[in-house]
Amino acid sequence: MTEQPPPDIGDDDIVPAPIAVPVAGEDEQRDPDLPSNLPILPSRDAVLYPGMLLPLQATDQRWVRLLNDAVSARQPVGITLQRDPADEVVDLLGLYQIGTAANIVRLLKLPDGSLQVLLQGLARVRLTDKATQAEPYLRADITVLPWVTPDPISVEMEGLIKSLQSLFQRVVQLSPVLPDEMAIAAANVNDPGRLADFVAANIDIEPAQRQEVLQELEPLARARKVTELVTRELEVLEIGSKIQSQIRESMDKGQRDFYLRQQLQAIRKELGEGDEGEAEVNELRERLARAQLPDEAKSEADRELNRLASIPTASPEHSMVRTYLEWLADLPWSTMTEDNLDLRHAKTVLDEDHFDLIRLKDRMLEYLAVMKLRAERDSETAAKVRGPILCLVGPPGVGKTSLGQSIARALGRKFVHMSLGGVRDEAEIRGHRRTYIGALPGRIIQALRRAGSRNPVFILDELDKLGNDWRGDPSSALLEVLDPAQNSDFRDHYLDVPFDLSNVLFIATANVLDTVPPALRDRLEVMDLPGYAEEDKLQIARRYLVPRQLAENGLDASRARIFDSALRRIIRDYTREAGVRNLEREIATLARKSARAIVMGEASSTVIKGRAVAELLGPPRFQQEAVARQDEVGVATGLAYTPTGGEVLFVEARVVPGKGNLVLTGQLGDVMKESAQAALTYARARAQALGLGANDPFADVDVHVHVPAGAVPKDGPSAGITMATAIISALTRRPVDHTVGMTGEITLRGRVLPIGGLKEKVLAAHRAGLTRIIAPRDNRRDLEEIPARVRKEIAFTFVDHMDEVLNTALKDEVRPERAEVKPLRRSGRRARDGIAAAGS
């Protein structure tokens with residue numbers, strides 16, 4: 001018997017039993033007469049030494065045929081270790097060159113067609129560079145490596161043999177699987193090479209180390225190498241034995257304490273001093289023992305248990321201490337769910353639950369791949385892989401929270417959810433100190449107790465809506481929770497003992513990052529979920545929303561059918577959002593109306609097409625602004641970013657008689673007001689190039705800029721070129737193309753600076769029916785994030801200067817209406833020439 005794990009042969013189809021027994025005498029191992037060509041049996045992790053026995057079980061038909069042919073021909077086989085256990089061997093390049101020739105001592109056919117064989121090692125052999133046969137199995141020419149006879153026994157050789165025998169005897173004593181007969185067999189071997197082979201076959205070493213021993217032909221060198229390996233193995237066994245001894249002593253002490261407590265209980269009972277709370281204390285003691293608390297927590301629990309036993313049950317402090325101990329007993333100190341590291345399964349789950357979101361799905365698969373590789377290398381370090389602290393940022397309804405549930409399902413972990421919206425008290429995160437009446441742990445610890453596992457997927461929802469006041473700053477408390485370098489020693493104020501949060505996969509969600517403190521944002525891996533295009537919403541509705549709403553309303557696909565034309569009509573005319581929540585509500589309305597028609601006997605099944613949507617949902621609530629509008633003077637279409645996604649804004653400018661003032665309305669913020677001032681200054685500075693005359697054209701007029709809707713506050717720098725376009729359009733009497741949307745910050749020199757949120761703004765423009773977008777040239781790099789379907793339907797013009805914006809957005813001059821202000825000095829032709837010249 002041996003401690004080595006069961007080695008594999010070939011493609012996991014030959015399973016050997018763990019045994020290596022010397023069978024031959026010294027004379028029998030001297031240069032056996034072997035054929036020059038042998039069938040080759042690849043081995044994943046088994047190494048057979050001359051003179052040893054190795055039982056195997058073959059299930060694959062290739063190896064079954066090889067062994068049957070060898071037995072029929074009464075011919076030995078060659079067994080050789082693979083260089084890479086994961087590869088399939090097709091030629092000799094995948095095998096080590098030195099292997100072992102072996103006789104088939106016994107062969108047993110099993111009912112399932114597999115074979116059980118017993119191989120006996122004969123001699124070391126060297127394979128040639130090229131196989132003589134590849135199918136149905138490998139054959140190769142071999143060269144028998146002669147057995148090296150050691151020099152006459154010297155003092156060094158004798159000392160080496162005695163040392164190796166002594167070390168191996170100690171290994172046998174400490175090993176739980178090696179019988180004492182192994183040490184006796186080793187003590188009777190006086191050949192250093194044969195002793196080295198025997199010891200190497202029976203200690204727990206890596207396959208590559210076994211191969212090194214096999215390849216070492218010089219007996220003394222082989223014995224020295226094995227001595228080093230045995231010494232290392234002995235150190236491991238001694239440490240394990242020491243740990244077992246400590247555990248045994250601890251168990252003996254626990255049994256002694258239990259016995260004494262039982263005696264004490266019996267004495268108190270005889271004296272009539274039984275305590276009604278003693279049973280409760282004993283129950284808590286048992287629950288704490290089952291919880292497997294770490295040392296510091298266990299010490300604190302023991303101290304509180306002793307206090308509880310001495311506090312009268314009528315005392316308020318008794319209840320406080322008991323509640324504290326119950327919290328300690330209920331927490332999952334050592335309970336973890338086993339992760340499902342199957343990447344294909346995880347990808348299937350994520351694809352089943354969510355459409356698109358490729359980047360986020362790839363990030364989770366990368367995380368699983370790292371865990372899987374770590375698990376293959378070391379199971380203990382795999383459990384300590386620091387998970388990413390993801391922060392999903394996007395408008396409402398895009399699936400941030402439900403994505404966390406899908407990740408938990410893919411990993412096979414528990415799922416817990418905690419909403420941070422409106423949280424202002426630091427104690428909500430870290431808990432209250434036990435000095436307060438009614439104190440409890442923070443919501444982090446409470447959620448872990450509900451989960452019953454210390455490695456759940458933990459959603460921290462609405463991170464951007466945290467507050468702070470005189471009670472503390474919850475975002476500062478989250479710094480410790482979300483820092484992988486600190487959360488392995490998280491101390492809740494109530495527990496006051498460390499709890500390991502490093503195995504928790506935290507996922508935060510937010511609509512915007514502007515309100516998240518920089519220190520907290522630095523600990524997050526931010527991933528944007530900007531919203532969905534029309535085609536994305538159609539796919540989501542078809543795959544997820546419609547089946548779910550039909551099921552919730554007692555229907556199925558055979559009794560209610562909603563065509564794509566109806567879904568498109570709902571998306572375009574009844575919802576205007578980045579996510580799909582309102583879309584699902586409208587689909588639910590259709591499902592309820594279908595259920596009503598079926599129950600009332602009006603129809604046995606329903607079919608809803610695009611034409612029927614208006615009858616069921618009423619008049620359309622939205623229309624595509626670009627389609628409904630016409631080219632107008634002084635009205636430009638801007639694109640804005642909001643916490644709920646992108647929006648389309650209309651900037652209106654009018655020139656009225658006055659004294660050169662700029663009037664701004666529409667609840668504009670300070671940044672937008674400054675953008676309007678900069679736009680007006682640019683127009684005045686470019687008055688001559690714009691065909692407005694050499695004199696100041698603003699001396700006797702006021703410019704009024706208004707941004708509907710007036711009740712909604714607005715701010716941000718990206719409306720600069722939109723305001724400038726509207727003002728210049730009003731001054732030059734040139735209409736703005738109503739199918740063009742624009743975004744960009746303007747400087748006094750007319751430079752167009754980059755902006756953020758381009759993807760959200762483009763999706764909003766696509767929903768509004770715009771066909772061209774003007775954006776800063778530095779934002780061209782963001783074009784890759786926009787869905788390909790949207791890029792095909794919208795033309796993009798990237799600009800560096802305001803003159804390029806005007807050349808794209810403004811059309812020919814029109815004659816003023818009677819209600820309009822008197823046209824300005826220059827003709828449209830000269831204005832266009834001036835802009836073109838400036839742009840060049």
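**A surface patch in its setting**

Analyst: Of the contacts (heavy atoms within 4.5 Å) in the protein chain with a separation of 6 or more, 75% join residues 24 or more positions apart. The model is predicted, with local features needing pLDDT of at least 70 and side-chain atom pairs pLDDT 80 or more, while totals for chains, interfaces and linings use all residues. Residues are numbered from 1 along each chain as its sequence is written, and side-chain values use heavy atoms, without hydrogens or water.

The protein chain holds 28 helices and 25 strands (DSSP runs numbered from the N terminus: H or I of at least four residues, E of at least two). Of its 840 residues, 49% are buried (under 20% relative accessible area; exposed is over 50%, partly exposed in between, with a 1.4 Å probe and protein chains only). The chain exposes about 40,600 Å², 49% of which comes from carbon and sulfur atoms (Shrake-Rupley method, 1.4 Å probe; for residues, only the protein chains shown count as cover).

The patch itself is nonpolar and lies on the surface: I239, I243 and I247 together have about 270 Å² of accessible area. Patch residues have over 30% relative accessible area and no salt bridge, with nonpolar side chains (Val, Leu, Ile, Met, Phe, Trp, Tyr) joined within 5 Å and like charges within 9 Å; a salt bridge places a side-chain nitrogen of Lys or Arg within 4 Å of a carboxyl oxygen of Asp or Glu. I239 belongs to helix α6, residues 219-271, and counts as exposed because its relative accessibility is 55%.

For contrast, E300 sits in helix α8, residues 295-310. E300 counts as buried because its relative accessibility is 15%. Leaving aside residues up to four places away in sequence, E300 touches Y324, R434 and V497.
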